[in-house]
Amino acid sequence: MEKPPPLGYGLGLRPIYYEEILSSRPPIDWFEIISENYMLAGGRPLAMLERIRADYPVVMHGVSMSLASTDPLNFDYLRQLKALAERVQPAWVSDHIAWTGVHGVTLHDLLPIPYTRESLAHVVERIQRVQDFLKRRLVVENASTYVSFVDSEMSEHEFVREMAERADCLLLLDVNNVFVSSFNHGFDPVAFIDGVPAERVVQFHMAGHTNNETHRVDTHDQPVCDEVWALYEHARRRCGDVSAMIERDDNYPPLAELLDELQNMRDIDARILKEQALSAA
Amino acid sequence: MKLADFQSLFQQRVLAGSGEADKPLLKKLRPSPRGAAPETLLDVYQTGYRIRLADFVSQDHPGLRAILGDEAFDALVDDYIDQCPSRDPNARWFTTGLPDFMRENARWRDDVAAVSMALFERAMVDAFDSADETPVTVQALAGFAPDDWARLAFEFDPSLTLLELVAGTVEAYGAAISEEAPAKVDKPAAGDQIEYAAVWRVDHESAYRQLEPDEYVALSEARAGHAFGDICQMTAFQQAGEIAPERLAQSLSSWFEDGMIIGVRVREDDQSSNTPSSA
């Protein structure tokens, strides 16, 4: 499996941090942008991105491809996405196993699907068409979900594995999403990570979420919790050297706090490497 | 259930919000291993949808919230979400239809001050991410012979929007976004008084200022491509009680200083025969 080379430790690029990033050049290896926020005619977002892109690798992460929707693929959207990719030259382009609406409506959310043979064939076919159109392999992410369906015929990780192999796409493993969904639906998050094809995983997402006791919601407004750090360590041991990053989308802390989280990733990875070196010796 | 039918049902229930009609969908949900009620879990999507869209409107319309007050603003947003579900994959465009919705909706169209504010704020949002151009300075005029000045025409930044508003809209907006915002911003009185404003982008930020009536006319005509000399001959300037060329030159100078102008050219004779619309 040919994969793009790992980029190191990255951060979701958000406007609140533009100036500090440009002025202080913090120790961040790469940035992930929300593609839709830059699918614009011009202005500050594109100008900031251009300056940051001059010095850092960037990947594009979308939220509106609606890969699982039964509406036709939106080629106006895909054309804009492709134009942005030509401008940004990202290391890769990603989106989610989710749908955002049908009948021409968009709910601006990553909505769940039943994991059925029909859903699988549908998503695989759409990923293949998107890859043909974009002329690049797509990176596809597992979404957080709050409901699961009696119609499902397979587990989520079985769906992800078969989807990735049949569509020949790459994977973005959102470790926080694995944890949130496993909590909400009662599956083993370690089994999920062990069940996805590690050779196709090119990126990890790490983020915080809200604990509502009976369910957890993927809010990206909290620090990464201990359980998710533990799961990250397992994912790292299983998938090896994969680009990893922190997503923060609300309740923004000083940038230094996010840099501390990146350092935590580096420390975990260094410890794993040391252990592996010792056991090899 | 086929995937398409499932998605239709799910979307219908998200759009409508929680209620009795959720039952067919709730039957499709697996029970929560943590004891969460299925209604609670479905409501994460139902409530999240409305919160998300309301947040888009709030971000783009601080002035509208300020003059309407929270209760009326929230009612407006609810109406808009109910009647104008988003159809663009990019959330950026969800709010763009709000002023038109208000003008066409019986509950809101008579609130001309609110519609005026909505139009002004849409222009501010549109200016922020419109196409990039590079403004030119007044020095650009030095390259033209004095004999050509009457035939000079100007190209304006694509972010520039000219607005006719209810008097007081611009002041109310300024108060609403002020860092020392008062507890309540007075809604402009909905009388016959109007004001004019220009909205554009400079240095990556949306900018605005009020225009005197004659400057509004001159800027409108200049943006329509009419030549400097033709605009000077316009009735509005002849009746202004001032020496038209000097008054217009002051305006022209400020357009350069404000970064509104991106190009200057000499109009050919066949173009200068066009008569400005307000002359």
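**Figure 1. Helix α3 of chain B, residues 38-60.** The 23 residues of α3(B) should span 33 Å at 1.5 Å a residue, and the end C-alpha atoms are 34 Å apart, which agrees. The expected span is 1.5 Å times one less than the number of residues. Helices (H or I, at least four residues) and strands (E, at least two) are DSSP runs, numbered from the N terminus. This is a predicted model: local features need pLDDT of at least 70 and side-chain atom pairs count only at pLDDT 80 or more, while totals for chains, interfaces and linings use all residues. Residues are numbered from 1 along each chain as its sequence is written, and chains are lettered from A and ligands numbered from 1 in the order in which they are written.

**Figure 2. The kink and the buried residues of α3(B).** A kink of about 30 degrees is centred on V44(B). The bend at a residue is the angle between axes fitted to the seven residues ending there and the seven starting there. V44(B) is also one of the buried residues of this helix, with L41(B), L42(B), Y45(B), Y49(B), L53(B), V57(B) and D60(B). Buried takes 20 or more other C-beta atoms within 10 Å of a residue's own; exposed takes 12 or fewer, partly exposed lies in between, and C-beta atoms are placed from the backbone. Within chain B, the buried residues of α3(B) pack against α1 (3-16), α2 (23-26), α5 (70-83), α6 (98-104) and α7 (112-128). From chain A, β9 (216-217) joins these packing partners. Contact here needs C-beta atoms, placed from the backbone, within 7 Å.

**Figure 3. Domain 1 and domain 2 of chain B.** Domain 1 of chain B covers 3-122 and domain 2 of chain B covers 138-272. The bounds come from an automatic or database domain assignment. Taken over C-alpha atoms, the two domain centres are 37 Å apart. Ten residues of domain 1 of chain B contact 13 residues of domain 2 of chain B. On the side of domain 1 of chain B that touches domain 2 of chain B, α4 (62-68) and α7 of chain B each supply at least two residues. The most comes from α7(B), which gives six residues. By class, this side of domain 1 of chain B has eight nonpolar, two polar and no charged residues. Ala, Val, Leu, Ile, Met, Phe, Trp, Tyr, Cys and Pro count as nonpolar, Asp, Glu, Lys and Arg as charged, and the others, Gly among them, as polar.

**Figure 4. Helix α7(B), mostly covered.** Of the 17 residues of α7(B), 14 are buried. At 1.5 Å a residue the helix should span 24 Å; its end C-alpha atoms are 25 Å apart, which agrees.

**Figure 5. Contact between chain A and chain B.** 41 residues of chain A contact 40 residues of chain B. Helices α2 and α4 (117-134) of chain A each supply at least two residues of the side of chain A that touches chain B. The residues of that side divide into 18 nonpolar, 18 polar and five charged.

**Figure 6. Helix α2 of chain A, residues 44-53.** P45(A), L46(A) and L49(A) are buried. They cover an arc of only 90 degrees around the axis, which puts them on the same side of α2(A). The arc is that of the directions from the helix axis to the C-beta atoms. The buried residues of α2(A) pack against β2 (30-34) and α3 (75-88) of chain A.

**Figure 7. I193(A) in helix α7 of chain A, residues 189-195.** I193(A) counts as buried because it has 23 C-beta neighbours inside 10 Å. Neighbours within four places in sequence aside, I193(A) is in contact with V178(A), L231(A), H234(A), A235(A) and R238(A). H234(A) is 41 residues from I193(A) in sequence and 8.0 Å away in space, C-alpha to C-alpha.

**Figure 8. H61(A) in strand β3 of chain A, residues 58-61.** With 25 C-beta neighbours inside 10 Å, H61(A) counts as buried. Beyond its neighbours within four places in sequence, H61(A) contacts E32(A), I33(A), I34(A), S35(A) and S94(A). N37(A) and H61(A) are 24 residues apart in sequence and 10 Å apart in space, C-alpha to C-alpha.

**Figure 9. Positive phi at R25(A) and H103(A).** Most residues other than glycine have a negative phi. R25(A), not a glycine, has a positive phi of about 45 degrees. R25(A) sits in the loop between α1 (18-24) and β2 of chain A, and counts as exposed with 11 C-beta neighbours inside 10 Å. For H103(A), also a residue other than glycine, phi is near 55 degrees. H103(A) lies in the loop between β4 (93-96) and α4 of chain A. With 14 C-beta neighbours inside 10 Å, H103(A) counts as partly exposed.

Conventions:
Contact = placed C-beta atoms within 7 Å.
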